[in-house]
Structure formats: structure tokens, C-alpha cells
Amino acid sequence: MSVTDAAVADTAAAAALERGTLEALPQQVVTTPVADVLIAHLTAKHGPLMFHQSGGCCDGSSPMCYPLGEFITGDSDVLLATIAYSDDGPGVPFYMSRPQFEYWKHTQLILDVVTGRGGMFSLENGEGVRFLIRSRVFTDAEIRALRAAGRI
């Protein structure tokens, strides 16, 4: 899903919610409080950020944090969410590769932080902690709402 497609789907979902024809749309990516703190720290250090969840290769399936625009996204990526909104900025886009999204589209991703080394190219590398994805399967009602909104 492109940024434009996501915006259209979100606008359609908001209108359906107002009409009462759609249940509340669940968030596809949420953050823990410790992830929010690390994102704020990395933003102060590196400027605007972005995440990409690829699901394989060099750093396994770790969520990778980059300076905004450093990782080039395209048709093979899905914008799942914009996370970590603050008074200082517009939030952080969170992308996932389309093949990985097909596997995970029925789950809510929970961006968390644990002690350890970050991904080789991820900005938290060297901070003594790393980002980690936890997840939960959406309920049937949440899946219906996401389908109706064109999100899955």
C-alpha cells in the first residue's frame, strides 16, 4: 500500500466510523513506552526517522530504524502506520515489505526495546539496546474492520 493508498483508506475508514458503519479501526503498529523513549532519543540525535521491517537476510527480522528517507521504499513495501507522534514532529513512518505483510497482516505489531545490540545498519546499534517486534493476532472484529477499511 502506498502512502496515497494508506491516506485514502484512512480517510474512508474515518468517514465510515462517523457514519457508524465501521467498528473502530485497530492500530497495525503500536509502541511500548520504552520504544517511545528510544525513538525520541534517536530523533534528537539523528533527526526524523523511519522504520522498515523486512523479515529476513542480514539482521533477521529485526525492525530497522533509519534516518527518514535513507532506506528507499517502493511498490514492494507497505506503509503500516505512522508511530511516535509528538509535539515536535509529524511521527515516524513504519514500513514492511509486501511479502512479509502478507504473512503478518492479521497481527498487530508491538514495537518494543530489549537489551542487546541493534541491527548492523539500524540507528540504535551502539546504544546497548535494540528494537524488537512482539505481536498479537487481531480479533475477528478487528480483521473485519481492517478489511472494510482496505488496510488488509
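**Entry 1: strand β2**

I started with β2 (49-53), in a model that is predicted. All five of its five residues are buried, so β2 is largely enclosed by the rest of the structure. Buried here means under 20% relative accessible area, exposed over 50%, and partly exposed in between, with a 1.4 Å probe and protein chains only. Strands (E, at least two residues) and helices (H or I, at least four) are DSSP runs, numbered from the N terminus.

I then checked which way the side chains go. Leu49, Phe51 and Gln53 point one way from β2, Met50 and His52 point the other way, and all are buried. In a regular strand the side chains alternate between the two faces of the sheet.

Some bookkeeping for my own use: residues are numbered from 1 along each chain as its sequence is written, and side-chain values use heavy atoms, with hydrogens and water left out. Local features need pLDDT of at least 70 and side-chain atom pairs count only at pLDDT 80 or more, while totals for chains, interfaces and linings use all residues.

**Entry 2**

Next I looked up the pairing, where two strands pair if DSSP finds at least two bridges between them. β2 pairs with β3 (residues 63-67) in the antiparallel sense over five bridges, and Gln53 stands opposite Pro63 in β3. With β5, β2 pairs in the parallel sense over three bridges; there the bridge partner of Gln53 is Met96.

β5 (92-97) got a look of its own. Six of its six residues are buried, so β5 too is largely enclosed by the rest of the structure. Val92, Phe94 and Met96 sit on one side, and Pro93, Tyr95 and Ser97 on the other. β4 and β5 run antiparallel, joined by six bridges, and Ala81 stands opposite Phe94 in β5.

**Entry 3: the nonpolar cores**

Which residues have the most contacts inside the largest nonpolar core? I found Ile39, Phe51, Leu80, Ile83, Phe94, Leu111 and Phe131, in a core of 22 residues. Such a core is a set of buried Ala, Val, Leu, Ile, Met, Phe, Trp, Tyr and Cys residues joined through side-chain atoms within 4.5 Å. α2, β2, β4, β5, β6 and β7 each supply at least two residues of this core. Apart from this core lies another, of five residues, among them Met50, Tyr66, Leu79 and Tyr95.

I also listed contacts (heavy atoms within 4.5 Å) for Phe51. Leaving out residues up to four places away in sequence, Phe51 touches, among others, Ile39, Ile83, Phe94, Leu111 and Phe131.

**Entry 4: Phe138**

Phe138 lies in the loop between β7 and α4 (140-148). Is Phe138 buried or exposed? Phe138 is buried, with a relative accessible area of 4%. Beyond four places in sequence, Phe138 touches residues including Pro26, Gln28, Lys105, Thr107 and Leu146. Phe138 and Lys105 are 33 residues apart in sequence and 9.0 Å apart in space, C-alpha to C-alpha.

**Entry 5: the whole protein**

I finished with the overall numbers. The protein has four helices and seven strands, running α-β-α-β-β-β-β-α-β-β-α from the N terminus on. Buried residues make up 41% of its 152 residues. Of the contacts with a separation of 6 or more, 58% are between residues 24 or more positions apart.
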